[in-house]
Amino acid sequence: MDELEDIRKRKLEEMKRKLGHRETNIEVNDGNFGEKVIEQSKEVPVVVDFWAEWCVPCRMLGPALEHLADKYGGKFVLAKLNVDQNPLTSSKYGIMSIPSVKMFKNGGIADEFVGMLPEPSVDEWIKRNIR
Amino acid sequence: MKTYDTVILGAGPAGMSAAVYGTRYNLSMLVIGRDFGTITETDEISNYLGFPSASGTELAKKFTAHLKDLGGTVRYEEILDIKPDGGNFTVTTNRDKYTSRTVIYCLGGVKRKLGLPEEERFAGKGVSYCSTCDAAFFRNKTVAVAGGRNSAAMSALLLSRLAKKVYIIYRGDRLKAFPSSVRSVEKTGNITVILDSVIREIKGKDSVESLVLENLKTGERRDLRLDGIFVEFGHIPNSGLAKKAGAETLDDGRIITDSGMSTNIRGLFAAGDVTSGSNGFEQVITAASEGAIAAQSAYKIISGGG
């Protein structure tokens with residue numbers, strides 16, 4: 001059954017690729033940050049959410065960002081990076097407070113905010129940045 | 001639209017306690033909160049009855065589980081407006097509108113800042129308002145905690161386990177935390193308390209590199225080199241929406257409540273750190289107590305006895 005499930009998932013991924021479907025809510029790590037964030041941000045804005053399991057405000061902001069990623073339906077990609085598991089990227093971007101959210105466009109940081117914000121404010125921030 | 005008996009605003013200790021009592025009174029109700037409240041800013045709580053030592057987050061999770069066990073749920077939405085409406089209330093959030101006969105307002109407080117012009121530029125670059133969120137980024141570094149009350153002492157104790165050196169900078173001539181916490185601070189080798197002093201400036205290029213301190217007694221100024229500063233100046237009551245709805249507040253923003261946690265508006269109750277109750281003693285146990293009283297008062301109105 002597991003094998004069948006794997007084949008089904010693989011086929012689905014292939015179909016999505018063929019149809020040009022883009023995942024709007026992804027998890028990224030030290031290994032694929034370059035490809036999934038930097039490179040992808042040359043085509044579509046990528047919002048990176050630097051978070052950790054032990055950070056309560058992060059666990060509140062996360063669902064708001066996910067809701068907005070769904071709402072905007074592909075106008076930006078939400079990429080979540082766990083700072084505990086990915087110290088290289090966190091250190092490279094000087095993360096000293098979480099939640100920390102950065103908007104990547106054309107391979108670089110276009111805007112950022114730190115700390116918990118209510119969803120309407122995050123919505124405004126996204127609207128302003130993806131115009 | 002359904003009219004609830006009560007809508008509880010805030011999912012911290014006051015709101016959750018009100019909700020637990022609300023289920024006991026069979027009130028049709030809704031709890032709306034953005035987060036668990038300021039309880040999660042505390043690394044260790046050792047004075048909540050039955051829990052000799054628990055983190056704020058652990059307690060908050062237990063409160064949520066307790067409510068869930070009794071059949072209650074929390075909606076995590078952003079509250080935008082409360083309007084008294086012909087004996088009822090309309091609560092507007094970023095997702096929906098709700099009508100209720102009573103409202104229990106438990107929105108706690110928002111963190112007070114240092115008030116320096118460069119503070120925002122350094123937010124997330126060495127200036128932090130949440131030690132439980134950010135302490136891990138300062139492993140083996142030098143940090144300061146601004147403030148001298150309970151939250152500052154707890155924050156310094158948490159940081160002392162990770163950082164190389166912790167300073168507590170306080171304008172008073174002695175720390176005003178619980179004596180047991182003050183003793184713990186004094187016994188911790190890598191914490192130094194700097195009294196009678198205020199932070200006049202944050203310096204640094206890309207992130208915090210030093211603070212300019214002023215001794216209020218001597219007027220002397222000096223630089224203190226460090227990597228981060230944790231602001232623990234307490235909270236400003238988050239009473240804006242209640243005020244807009246007509247609730248009276250003290251000059252410091254706390255909502256004026258009577259012994260039944262009622263505001264000056266019939267049907268609008270308040271509980272927890274946002275109120276003038278409990279002598280301004282901002283504790284989990286006092287917030288829970290006020291929440292319970294508010295739920296009982298709401299029940300009295302619903303059942304026609306209030």
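Modeller: What follows sets computed values against their definitions.

This is a predicted model, in which local features need pLDDT of at least 70 and side-chain atom pairs count only at pLDDT 80 or more, while totals for chains, interfaces and linings use all residues. Residues are numbered from 1 along each chain as its sequence is written, chains are lettered from A and ligands numbered from 1 in the order in which they are written, and side-chain values use heavy atoms, with hydrogens and water left out.

Colleague: Why is B:Ser131 called buried?

Modeller: Buried means under 20% relative accessible area, exposed over 50% and partly exposed in between, with a 1.4 Å probe and protein chains only; B:Ser131 has 2% relative accessibility and therefore counts as buried. B:Ser131 belongs to helix α4 (residues 131-134) of chain B, where helices (H or I, at least four residues) and strands (E, at least two) are DSSP runs numbered from the N terminus.

Colleague: What makes the pairing of B:Ser131 with B:Ser155 a polar contact?

Modeller: The term requires a pair of N or O atoms within 3.5 Å, and within protein one must be able to donate a hydrogen and the other to accept it, residues adjacent in sequence counting only if both atoms are side-chain atoms. The side chains of B:Ser131 and B:Ser155 make such a contact at 3.2 Å.

Colleague: Why are α3(A) and α5(A) described as oblique to each other?

Modeller: Helix α3 (residues 56-72) and helix α5 (residues 119-130) of chain A pack at an angle of about 45°, with their axes 10 Å apart. Axes are lines fitted to C-alpha atoms, for helices over the stretch in contact, and angles run from 0 to 180 degrees between N-to-C directions. Angles under 35 degrees count as roughly parallel, over 145 as roughly antiparallel, 65 to 115 as roughly perpendicular and the rest as oblique, and α3(A) and α5(A) are therefore oblique. Among the residues making this contact are A:Leu61 and A:Leu68 of α3(A) and A:Val122 and A:Ile126 of α5(A).

Colleague: What is the largest nonpolar core?

Modeller: A nonpolar core is a set of buried Ala, Val, Leu, Ile, Met, Phe, Trp, Tyr and Cys residues joined through side-chain atoms within 4.5 Å. The largest has 45 residues, and those with the most contacts inside it include A:Phe33, A:Phe104 and B:Val166. The largest share of this core, six residues, comes from α5(B).

Note on methods. Contact = heavy atoms within 4.5 Å.
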